[in-house]
Amino acid sequence: MQLYFNPASPFVRKVRVTAHELGLSERIELIGIMLTPVSPHDALRSRNPIGKIPALVLDEETVLYDSPVICEYLDALAGGGRMFPAAGVARWTALRRQAIADGIMDAAVLTRYEEAVRPKELRWQDWVDAQFLKIRTALDSLERENLADAFDIGSISIACALSYLDLRFASEGWRTSRPRLTEWAAATAQRPSLTATALAVP
Ligand code: BEZ
């Protein structure tokens, strides 16, 4: 399998952490690419019409995207029910947590593009503020959850979202007034799957 990859993408990291947890990392070849919304990557676009990473190439005809689909595919490949609980409250909790963390990543990545890619004269501060309101509200809701109850796709997604905030928005200081989330993130960051896949600026 080949994974379109950028070392700063938290969505790609989700896939890599999931693969590591499932013992599948060795079966995935990374194809490093650079892209932004205004500088798409042609080879990727021919395989994922939306042109986004991660995209996982299974064979010439089969390409999977985006991160929730790829991660669930990997879980099924490893036997199923490991990072995606099979049913019941555990499943819906994991999927909801994945959704909230993906929402944080979406808002953060869009803000990163706004600040790093959009020409200065076209920037819109109200829009950035609205993205940060989403991020802060989501973090406050995670602070109220008992995240230590499981380690699954919800946990993986949250860990990747928090470390992307550290990479690109350290000055936001998300740990301030969120002691439970801070403690959970520090403990989770020690897992081999997370230490082996640290985000990096290309
Ligand atoms: C970043 O550089 O922050 C980034 C790169 C690829 C995907 C998402 C974010």
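**Ligand, core and domains**

Mentor: The ligand is surrounded by N6, A8, S9, V109, R112, Y113, Y164 and R168, each having a heavy atom within 4 Å of the ligand. This is a predicted model, in which local features need pLDDT of at least 70, side-chain atom pairs count only at pLDDT 80 or more, and totals for chains, interfaces and linings use all residues. Residues are numbered from 1 along each chain as its sequence is written, and side-chain values use heavy atoms, leaving out hydrogens and water.

Trainee: Why is the set of 56 residues called a nonpolar core?

Mentor: The term denotes buried (under 20% relative accessible area, 1.4 Å probe, protein chains only) Ala, Val, Leu, Ile, Met, Phe, Trp, Tyr and Cys residues joined through side-chain atoms within 4.5 Å. The largest such core has 56 residues, and L74 and L181 have the most contacts inside it.

Trainee: How do you know that this core lies between the domains?

Mentor: Domain 1 (2–77) and domain 2 (88–191), with bounds from an automatic or database domain assignment, both give residues to the core, so it lies between them. Their C-alpha centres lie 20 Å apart. The contact (heavy atoms within 4.5 Å) takes 16 residues from domain 1 and 19 residues from domain 2.

Terms used
Buried < 20%, exposed > 50% of the residue type's maximum accessible area, 1.4 Å probe, protein only.
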